[in-house]
Amino acid sequence: MDRRSLLKSAAMAAASVPLQAFLARVEAAPKRNSVGYGRLRQTLDGTTGLPLLLLPSGFRYVTFGWQGDPMDDGVPTPGLHDGMAAFAAGPGRTRLVRNHEIGQGAPFCGARYDTAGGGGTTTLEFDTQNGPLVASNASLSGTVRNCAGGPTPWGTWLSCEETTEFANRPHGYVFEVPSDRSLASAVALTAMGRFRHEAVAVDPVTGYVYETEDNAATSGFYRFVPNTPGVLANGGQLFMLKVKNASQANLGASYANGTTFAVEWVPIATPDNPSSSAPADAVWSQGRALGAATFARLEGCSYGNDRKIYVVSTTGGATQGQVWTYDPAAETITLLFQSPGANVLNMPDNMTVSPRGGLVLCEDGDGLEYLHGLTVNGEIFRFAQNNVKLSGQRNGISGDFTSSEWCGVCYSADGQWLFANIQNPGITFAITGPWGTGGL
């Protein structure tokens, strides 16, 4: 099946399962009185036997793909795990494509963009019936600070560089990586813009790619309209979101939950400037000159079951974070949730949408780090706590890593396994349990 057919198929599937059907399914499941899953308890890792996480009763997990673990191609697993996506790989199998947010350095495989880039991606295969890792290999290297990204409806991963620094070649691009364990082409998708990329979400109905920018107060929300839906290498047009009837709106400011703005899109004339002197805000400045809106560090971005795009602003509002909902049909953006303080939600980063309709948010703040659940009604709860403390039990790694960020959250195709990374020292987790008893 070609990419056009895959997009059409994905669009039909999205249209056939509207939000009300998902909500009805969630309501039909047995639930506690709360949308959460109860008190978090110290839970042992099914792989190492170590108490690496706190989880609700009934949930279990295994770990794999640790920094330093040898992969099937002989390459040691790189560190600084970050964004990730899961892809169906046949009965009982899931493939994961995982980013590594490494700066300048030596490439770790033959698929390389720059000989001075230390970042890239690895691809892993997981057995969802029995739990262990089946296979792993490097799939892209020679890039820099591969932070987040997003899956496509045609089965690839879009890996995003969160820097515009210049090594031997310019950086700040999106790269497409296959999910079938083959090597990426390592070609920068320059038409999608050169800026501090964070995450992307693809609308399967239109093929448009929505992109976030993580650049302090100069963060834009972008839409890439490809010339050929499903073939991003054929180029297209980049746009930046603008609030209608409001020039240069600041959506990083504090608003009440439920605040809605009508929006439109302004074109970016020069999405790529490959010169070494290109500033990090070169693309943002073009949109801003046309009245586009700015946010406070846009990070996570995900396509929802309700055919809306969910977007995370890490330091928006009272500096502790916001979650926005963009509705492509209505051309509106709505503030779903604004954190009132770090004790509720401490600087959200990566995120994903559960097959059952809830949102999973990764914290990247200070102190203990949590995975949070958030409902489409704006109800928030803690789901998992980082409890990683090591004394050399795996690959000689030692230290207290409980303040290391969560990242890379994604669900297996059957919705039964939630995958996530702890960035430092670099561990991938697979969590499963009674999802139907709560909001995820």
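Biologist: Is Phe383 buried or exposed, and at what relative accessibility?

Modeller: In this predicted model, Phe383 has a relative accessibility of 1%, and because buried means under 20%, Phe383 counts as buried.

Biologist: OK, and which strand is Phe383 in, and which part of the chain does the pair with Tyr37 tie it to?

Modeller: The rings of Tyr37 and Phe383 have their centres 5.8 Å apart with their planes at 70°, so this pair is edge-to-face. Phe383 belongs to strand β23 (residues 380-386), whereas Tyr37 sits in the loop between α2 (19-28) and β1 (40-43), so the pair ties together parts that are 346 residues apart in sequence. Tyr37, like Phe383, is buried.

Biologist: What about Phe59 and Phe383, how do those two rings pair up?

Modeller: Phe59 and Phe383 also form an edge-to-face aromatic pair, with 5.1 Å from centre to centre and 85° between the planes. This pair, too, links distant parts of the chain, since Phe59 lies in the loop between β2 (53-56) and β3 (60-64), 324 residues apart from Phe383 in strand β23. Phe59 has a relative accessibility of 5% and therefore counts as buried.

Biologist: Which residues do the ring pairs link into a cluster there?

Modeller: The cluster linked by ring pairs consists of Tyr37, Phe59, Phe381, Phe383, Tyr411 and Trp435.

Biologist: And which ring does Arg382 lie over?

Modeller: Arg382 lies over the face of Tyr370, at 4.0 Å from the ring centre.

Biologist: Which strands are joined to β6 by bridges, and how do they run?

Modeller: Strand β5 (residues 93-100) is joined to β6 by 8 bridges, and the two run antiparallel; within that pairing, Val97 has Thr123 as its bridge partner in β6. Strand β7 (residues 133-143) is likewise joined to β6 by 8 bridges and runs antiparallel to it, with Ser136 in β7 standing opposite Leu124.

Biologist: How many residues lie between the strands in the hairpin of β6 and β7, and which one takes a positive phi?

Modeller: That hairpin has 5 residues between β6 and β7, and Gly131 takes a positive phi near 95°.

Key. Residues are numbered from 1 along each chain as its sequence is written. This is a predicted model: local features need pLDDT of at least 70, side-chain atom pairs count only at pLDDT 80 or more; totals for chains, interfaces and linings use all residues. Side-chain values use heavy atoms; hydrogens and water are left out. Two strands pair if DSSP finds at least two bridges between them. Helices (H or I, at least four residues) and strands (E, at least two) are DSSP runs, numbered from the N terminus. Rings of Phe, Tyr and Trp (its six-membered ring) pair if their centres lie within 6.5 Å; planes under 30 degrees apart count as stacked, over 60 as edge-to-face and the rest as tilted. Buried means under 20% relative accessible area, exposed over 50%, partly exposed in between (1.4 Å probe, protein chains only). A charge sits over a ring if NZ of Lys or CZ of Arg is within 6 Å of the ring centre and within 35 degrees of the ring normal.
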